[in-house]
Amino acid sequence: PEPRLLSAQLALKASYIVEEGILSIRGKLTPASYILSPDCHLSGSFAVGAWFGQAHNGDFVMTLGGYHPRFLPPAHYPQDVPRLAFNWPLSSNLLFKGDLYFALTGNCLMAGGAFSATYSSGSVRAWFSCAADFLVTFKPFHYDASLSVDLGASVTIHFFGSHTLSFDAGAD
């Protein structure tokens, strides 16, 4: 068989409560999900909610991987929506990791994610990470954006004892 670049297996749960006017759909990636390689594991979940009854009439939410870190979801929104993430040990020395989220509600739009790469071999270690988070609310109009990047390396030298030299630079 041809190798697959993506295998996403979902566990789904859907409900529609007519009396309360609530539509809810939730899904979660199973441990068998991967991208590019079976070693590149995917995880995370999504949720959709819409309210048609008297309580919260007209409100809705659609999220892939949760919400902005500073967004406090109302109590009627799905609360536990883990980030869409990947974890890929490319070799015994090199690890790539990342996560992302997107959400749209009746009053705001948010998106963000993070990526990191780490190399480690013996006494040498190097790393890179970056992250971004964006939140826009419509009424009142407001936005919040944050970006960060970090780059570093370290080496441990065993000469007249053990000494670690390191370099780390970052910006927010």
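N87 stands opposite K97 in β9. This is a predicted model, in which local features need pLDDT of at least 70, side-chain atom pairs count only at pLDDT 80 or more, and totals for chains, interfaces and linings use all residues. Residues are numbered from 1 along each chain as its sequence is written, and side-chain values use heavy atoms, with hydrogens and water left out.

**Strand pairing**

Strands here are DSSP runs of E with at least two residues, numbered from the N terminus. Two strands count as paired if DSSP finds at least two bridges between them. Strand β8 (residues 84-89) pairs with β9 in the antiparallel sense over six bridges, and the two form a hairpin with four residues between them. Strand β9 (residues 94-105) also pairs with strand β7 (residues 60-64), again antiparallel, over four bridges. There, T63 has A103 in β9 as its bridge partner. Eleven bridges join β9 to strand β10 (residues 108-121), and these two run antiparallel. L94 is bridged to Y119 in β10, and the β9-β10 hairpin has two residues between its strands.

Another set of pairings involves β3. Strand β2 (residues 10-17) and strand β3 (residues 22-29) are antiparallel, with eight bridges, and Y16 stands opposite L23 in β3. Four residues lie between the strands of the β2-β3 hairpin, where G21 takes a positive phi near 65 degrees. Strand β3 is joined to strand β6 (residues 45-51) by seven bridges, also antiparallel. In that pairing K28 stands opposite S45 in β6.

The pairings are listed below.

| Strand pair | Sense | Bridges |
|---|---|---|
| β2 (10-17) and β3 (22-29) | antiparallel | eight bridges |
| β3 and β6 (45-51) | antiparallel | seven bridges |
| β7 (60-64) and β9 (94-105) | antiparallel | four bridges |
| β8 (84-89) and β9 | antiparallel | six bridges |
| β9 and β10 (108-121) | antiparallel | eleven bridges |

**Salt bridge**

A salt bridge is taken as a side-chain nitrogen of Lys or Arg within 4 Å of a carboxyl oxygen of Asp or Glu. A search of the whole structure finds one. R70 forms this bridge with D144, and the closest N and O atoms are 2.8 Å apart. R70 lies in the loop between β7 and β8 while D144 lies in strand β12, so the pair ties together parts that are 74 residues apart in sequence. For accessibility, buried means under 20% relative accessible area, exposed over 50%, and partly exposed in between (1.4 Å probe, protein chains only). R70 counts as exposed because its relative accessibility is 55%.

Strand β12 (residues 142-158) also holds S154. S154 is buried, with a relative accessible area of 16%. Contact means heavy atoms within 4.5 Å. Not counting residues up to four places away in sequence, S154 touches S123, V124, R125, W127, T164, L165 and S166.

**Aromatic pairs**

Rings of Phe, Tyr and Trp (its six-membered ring) pair if their centres lie within 6.5 Å; planes under 30 degrees apart count as stacked, over 60 as edge-to-face and the rest as tilted. Seven aromatic pairs are found in a search of the whole structure. One of them is F159 with F160, an edge-to-face pair at 4.5 Å centre to centre and 70 degrees between the planes. Both F159 and F160 are exposed. F86, W88, F96 and F115 form one aromatic cluster.

**Nonpolar surface patch**

Patches are made of residues with over 30% relative accessible area and no salt bridge, with like charges joined within 9 Å and nonpolar side chains (Val, Leu, Ile, Met, Phe, Trp, Tyr) within 5 Å. Areas come from the Shrake-Rupley method with a 1.4 Å probe, and for residues only the protein chains shown count as cover. L5, L6, I35 and L36 make a nonpolar surface patch of about 380 Å². L6 is in strand β1 (residues 6-7), whereas L36 lies in the loop between β4 (34-35) and β5 (37-43). The C-alpha atoms of L6 and L36 are 6.0 Å apart in space, and the two residues are 30 residues apart in sequence. Leaving aside its neighbours within four places in sequence, L6 is in contact with Y34, I35 and L42.
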